[in-house]
Amino acid sequence: MGDKPMTMKSDEEAKYPTNLDEEEDIDALAEPPDWLPDGWIMEVYRTEDGTITRYYTSPISNYTFTSKAEVLEYLFSRTDDRILESKEYGAESTLQRQREWLPKGWVMEIRAGGEKTDKMYKFYVHSITGVRLLSKQDVLLYINEAIVSGCDTHGQCDISSEDNILAKVDLWPSGLPEGWVKELVFRKTKEGLMRKDRYFTDPASSYTFRTLKSALSFLETGKIPRRAFIQKTSVHDLYSFEISTDLHESLRTRLTVNEKPHQERTRSSQSSRASKIECDRTIDHLKDGDTSSGSGSPNEFEEENIRSKKTAGKKSN
C-alpha cells in the first residue's frame, strides 16, 4: 500500500515529519498556521509507519514546498506577484483577447506567401494530430463536429514544406503563466537547413527570453538575464492579423541566408598600422643620415635600430 493522503490544515509547529500513534488526536493539525497565506493549499500524508509529511502549495503558481522556511523564501521573492502581473497584462493584450477561443494544444503557424512572397498567412495547427486550418470558424467546426476544412489560399501560400515557415506561436506555453507567448522562429542557413530559435515573451515587462530556464528564473527572482531583450515589434502586434496581411519588414530576413559581411578594418587598427609605417620610414631616413623626420633624437633612433638588428640576428640563429 502507498501513502494515504489526507487534506487538512497544519499547526505552526509542524516543520518536519513526525511520528504519531493511531490513537493520537490529529484534529490539532486542522488549524492553519498564522504564517501561511490565505488560499494556500496544505496536504498531509501519513505513511504506514506513522510518518507525517506536509506539503504547501501556492494557488497561483502551483509550486509546492515542504517547510515554513521554503514558503517564506518563496513569498519574499514575489514570484506570485509577477505571475499575476503577467496574467493581467496578457488579458489586456490584443493577441490574447482575439484568441481566447483557441484551446490549449493549438499553435498559430505563420508562413510567407503571395506571388512575390510579400504576404504572410496564418494557420492554426493542432500539435497532436497535425491538423492545419485557416480560420476560427474552421477550428471550432473541427472541435465541435470533427470536420476538417480545406486550407484554400488559392495557390498563394504553399503548405507542403517548411521552406516558407516564419514562426509558430504558442499562446499557452507549458510551464509559464497565462499571458506569456512562446515563439518558435524559423531561419534559413547557408547550409540549406532550417534553424529554429525559441523565444518566450512576458506581457508585463515586455522582455523576451531565449530559454525557458531564463524565463522561469526571471519569474522566481525578478532578475533580467543579460541576453534578454525587448523586441522592436512585439509578438502581440506582429501576429494579430487575420488569415493574411503584408509581410512585415522584420520577417523578411528569415527567408534569406545572411552571409557574414566582410569586416572592415577599424579606425584604431588603421591608426596603428599607419604609426608603424611612419616609424619604419623614420628609421630608414636615419640610416641614410636624414634627421629631419620624427620626434625622437638621432641617437634614440640609432639605438632602436641596433636593438632591432640584434633581435633579428637572434631569431635567425
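Reply: Let us begin with Ser58, which is buried, with a relative accessible area of 0%; buried means under 20% relative accessible area, exposed over 50%, and partly exposed in between, with a 1.4 Å probe and protein chains only. This is a predicted model, in which local features need pLDDT of at least 70 and side-chain atom pairs count only at pLDDT 80 or more, whereas totals for chains, interfaces and linings use all residues. Residues are numbered from 1 along each chain as its sequence is written, and side-chain values use heavy atoms, leaving out hydrogens and water.

Me: Which residues does Ser58 touch, not counting residues up to four places away in sequence?
Reply: Contact means heavy atoms within 4.5 Å, and Ser58 touches Trp40, Tyr63, Tyr74 and Asp80. The side chains of Ser58 and Asp80 are joined by a polar contact of 3.0 Å (a pair of N or O atoms within 3.5 Å; within protein, one must be able to donate a hydrogen and the other to accept it, and residues adjacent in sequence count only if both atoms are side-chain atoms).

Me: How are two packed helices described?
Reply: They are described by the angle between their axes and the distance between the axes. Here helix H2 (residues 79-92) and helix H5 (residues 212-221) pack at about 115 degrees, with their axes 6 Å apart; helices are DSSP runs of H or I with at least four residues, numbered from the N terminus, and axes are lines fitted to C-alpha atoms over the stretch in contact, with angles running from 0 to 180 degrees between N-to-C directions. Thr79, Arg82, Ile83 and Ser86 of H2 meet Phe218, Leu219, Glu220 and Thr221 of H5 in this contact.

Key:
Helices (H or I, at least four residues) and strands (E, at least two) are DSSP runs, numbered from the N terminus.
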